[in-house]
Amino acid sequence: MIDHQELLEEIKRLRTIGGYPEALILLRQAVESEPTDTKVRFWLAVVLAEIGEHKEAEEHARQVLRLDAGHRDAARLLERIHQWESKAALAATGQK
């Protein structure tokens with residue numbers, strides 16, 4: 001069983017210092033051990049989105065919604081990912 005509080009505190013600490021690789025390792029291990037844990041999968045999606053890995057973040061956020069259709073934070077994260085991708089696509093074409 002995953003201690004969510006302890007894991008979240010460590011993820012927050014790592015994000016603060018830019019320890020994204022370490023945070024991803026911890027979160028991927030947690031998802032592997034508890035694949036239906038929506039909290040851990042959501043945190044993984046957040047960290048992936050923060051480092052620009054939008055496709056994988058979207059996959060995890062969608063999985064959270066498949067497991068818990070009422071997960072508002074995952075739905076909001078998907079919206080933000082789509083906004084970021086739209087901005088990136090516009091920037092790539094030279095538009096604002």
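Reader: What makes Asp37 a cap of the N-terminal end of α3?

Author: This is a predicted model, in which local features need pLDDT of at least 70, side-chain atom pairs count only at pLDDT 80 or more, and totals for chains, interfaces and linings use all residues. Residues are numbered from 1 along each chain as its sequence is written, and side-chain values use heavy atoms, with hydrogens and water left out. A side-chain oxygen of Asp37 lies 3.0 Å from the backbone nitrogen of Lys39; a polar contact is a pair of N or O atoms within 3.5 Å, one able to donate a hydrogen and the other to accept it, so the pair qualifies.

Reader: How do you know what span is expected of α3?

Author: The expected span is 1.5 Å times one less than the number of residues. Helix α3 (residues 38-50) has 13 residues and reaches 18 Å from its first C-alpha to its last, close to the expected 18 Å.

Reader: Why is α3 called mostly covered?

Author: Buried means under 20% relative accessible area, and 11 of the 13 residues of α3 are buried, including Phe42, Trp43 and Leu44. The buried residues pack against α1 (4-16), α2 (20-33), α4 (54-67) and α5 (72-92).

Reader: Why is α1 called roughly parallel to α3?

Author: The two helices pack at an angle of about 5 degrees, with their axes 11 Å apart. Angles under 35 degrees count as roughly parallel, and therefore α1 is roughly parallel to α3.

Notes: Helix = DSSP H or I, 4+ residues; strand = E, 2+ residues; numbered from the N terminus. Buried < 20%, exposed > 50% of the residue type's maximum accessible area, 1.4 Å probe, protein only. Contact = heavy atoms within 4.5 Å. Axes fitted to C-alpha atoms, helices over the stretch in contact; angles between N-to-C directions. Parallel < 35°, antiparallel > 145°, perpendicular 65-115°, else oblique.
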